[in-house]
Amino acid sequence: MITVVYGVLFGWAVWCVCSSRVNDGVLGRLFYSSIAIAAFAAFFAGSQQTNLIANQLIITAVAMNGLRHFVMRVYNDHFRKPRS
């Protein structure tokens, strides 16, 4: 079951990196790349230690991407000039 989760995470992250519909900039693509690499490593890992590190990296990258989205939303709402 957990291998399916790693496969879905890997596919989603690769799609986010390669798709032109995802406009997250360089930092967002870096986070998605780290998610894809960690999911790939966890999928093929033979040791429990590698899975632990990969899980921590996936959680951190998803949290940082969420934080980036939040900061950009607040920044855009605060500094966007009203349209006339």
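1. Contact here means heavy atoms within 4.5 Å. Buried means under 20% relative accessible area, with a 1.4 Å probe and protein chains only. Helices are DSSP runs of H or I, at least four residues, numbered from the N terminus.

2. The model is predicted: local features need pLDDT of at least 70, side-chain atom pairs count only at pLDDT 80 or more, and totals for chains, interfaces and linings use all residues. Residues are numbered from 1 along each chain, and side-chain values use heavy atoms, without hydrogens or water.

3. Helix α2 covers residues 25–44. Its 20 residues should span 28 Å at 1.5 Å a residue, counting one less than the number of residues. The end C-alpha atoms lie 29 Å apart, which agrees.

4. Buried residues of α2 include F31, I35 and A39. The buried set packs against α1 (2–18) and α3 (48–79).

5. α1 and α2 pack at about 150°, axes 8 Å apart. So α1 is roughly antiparallel to α2 (angles over 145 degrees). Axes are lines fitted to C-alpha atoms over the stretch in contact, and angles run from 0 to 180 degrees between N-to-C directions. Among the contact residues are Y6, F10 and W12 of α1 and Y32, A36 and F40 of α2. By class, this contact has 16 nonpolar, 3 polar and 1 charged residues.

6. α2 and α3 pack at about 160°, axes 9 Å apart. That makes α2 roughly antiparallel to α3. The contact includes L27 and F31 of α2, with L57, I58 and R68 of α3. Its classes are 14 nonpolar, 6 polar and 1 charged.

Key: Helices (H or I, at least four residues) and strands (E, at least two) are DSSP runs, numbered from the N terminus. Buried means under 20% relative accessible area, exposed over 50%, partly exposed in between (1.4 Å probe, protein chains only). Angles under 35 degrees count as roughly parallel, over 145 as roughly antiparallel, 65 to 115 as roughly perpendicular and the rest as oblique. Ala, Val, Leu, Ile, Met, Phe, Trp, Tyr, Cys and Pro count as nonpolar, Asp, Glu, Lys and Arg as charged, and the others, Gly among them, as polar.
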